[in-house]
Structure formats: structure tokens, C-alpha cells
Amino acid sequence: RFRETHTALNEEASALGTSVDFGHQSVYGGDADVQLDLAHRSSRGKLYLLGGAGWYRQSTVFKQLQNSPPVFVCGYFECGYGYFPYAVTVSSSTTEWTRSWNAGIGAEFALSDPVSFFIEARYRRLAPYGSNNAFVPITIGLRF
């Protein structure tokens with residue numbers, strides 16, 4: 001999940017003809033990867049290369065902050081009318097499933113049989129390849 005940039009918010013506001021206060025893009029999907037273990041000197045740790053292909057979707061949402069109608073509220077010392085902000089979705093879209101590829105490196109360290117700790121960094125590129133659809137997620141976890 002990525003926050004939208006100020007440029008993207010301004011472009012969407014111009015296209016919609018209304019203000020846009022914040023937004024996000026979610027990327028989800030899956031890969032089929034191969035892993036090549038590199039030569040290692042220790043039985044407790046190893047390095048490996050990995051890569052593969054997959055399918056992903058991107059979902060984008062833009063929201064606007066609005067105030068509620070006046071509401072009568074009482075605080076500790078006084079009562080009066082107040083407004084409460086809430087978010088309204090002004091635009092949302094989801095792409096079709098698109099192709100992707102990835103390549104990266106990882107390390108795995110044995111903790112206790114059969115548990116191991118791993119860390120991976122991958123360069124992931126989503127189609128269309130000519131646009132700015134690339135990122136490098138870092139994954140940390142345990143294998144059982």
C-alpha cells in the first residue's frame with residue numbers, strides 16, 4: 001500500500017473538478033519463483049538468488065475530508081455545537097490483472113530445527129513496463 005503523491009492528488013482533483021485530500025494505491029497478486037542457492041560455508045546460513053513471474057492488480061482510492069452537520073455535544077465544562085470530520089471516497093479504480101516479473105537476493109539463517117529466519121530484497125516490475133511500475137519490497141520472516 002502506497003500513499004498518493006501531491007502530484008497525483010492535484011491531477012485527480014483537476015480531472016474531477018473537486019478537492020482531493022488524500023489517497024492510496026494498493027498492489028496485490030502473486031508470483032511463481034525459482035530459487036538458486038549459492039555456495040555456502042556454514043550449515044547455519046545461506047545466500048540465494050530468486051526470480052520469477054506473476055500477476056498483479058492495482059487498486060487506487062482518492063478521498064476528501066468533509067465536516068458533519070452541527071452536532072450538540074457536551075464536554076467536561078460546557079455544551080455546544082461541534083463538527084466532526086469524516087472521509088468520503090471521491091474516486092476509486094482497480095486495474096485488470098497485469099503481468100509482472102521479479103528478481104532478488106535473500107539470506108536464510110537457521111535458528112532451531114526446523115525454524116529459520118530469512119530476509120529478501122526483490123526488484124519487482126509490473127506491466128506496462130514503460131511506466132513507473134517498479135518497486136523493491138524487503139521481506140523479513142520465519143520459515144517453519
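Reader: Is leucine 38 buried, exposed or partly exposed, and what is its relative accessible area?

Author: Burial is judged by relative accessible area, where buried means under 20%, exposed means over 50% and partly exposed lies in between, with a 1.4 Å probe and protein chains only. Leucine 38 is partly exposed, since its relative accessible area is 30%. Before going on, note that this is a predicted model, in which local features need pLDDT of at least 70 and side-chain atom pairs count only at pLDDT 80 or more, while totals for chains, interfaces and linings use all residues. Residues are numbered from 1 along each chain as its sequence is written, and side-chain values use heavy atoms, with hydrogens and water left out.

Reader: Where is leucine 38 found, and which residues does leucine 38 touch, not counting those up to four places away in sequence?

Author: Helices (H or I, at least four residues) and strands (E, at least two) are DSSP runs, numbered from the N terminus. Leucine 38 lies in the loop between β2 (22-37) and β3 (45-67). A contact means heavy atoms within 4.5 Å, and, leaving out residues up to four places away in sequence, leucine 38 touches Leu47, Tyr48 and Leu49.

Reader: How many helices and strands does the protein chain have, and what pattern do they follow along the sequence?

Author: The protein chain has one helix and 10 strands, and, read along the sequence, the order is β-α-β-β-β-β-β-β-β-β-β.

Reader: Which residues of helix α1 are buried, and why are they on the same side?

Author: As a general idea, an α-helix has 3.6 residues a turn, so residues three or four places apart point the same way. In α1 (residues 6-16), the buried residues are Ala8, Leu9, Glu12 and Ala13. They share one side of α1 because they cover an arc of only 135 degrees around the axis, the arc being that of the directions from the helix axis to the C-beta atoms. On the other side of α1, His6, Thr7, Asn10, Glu11, Ser14 and Ala15 are exposed.

Reader: What radius of gyration does the protein chain have?

Author: The radius of gyration is taken over C-alpha atoms, and the globule rule is 2.2 Å times the number of residues to the power 0.38. The protein chain has 23 Å, whereas a compact globule of 144 residues would have a value near 15 Å. Along the principal axes, the C-alpha atoms fill a box of roughly 70 × 45 × 20 Å.
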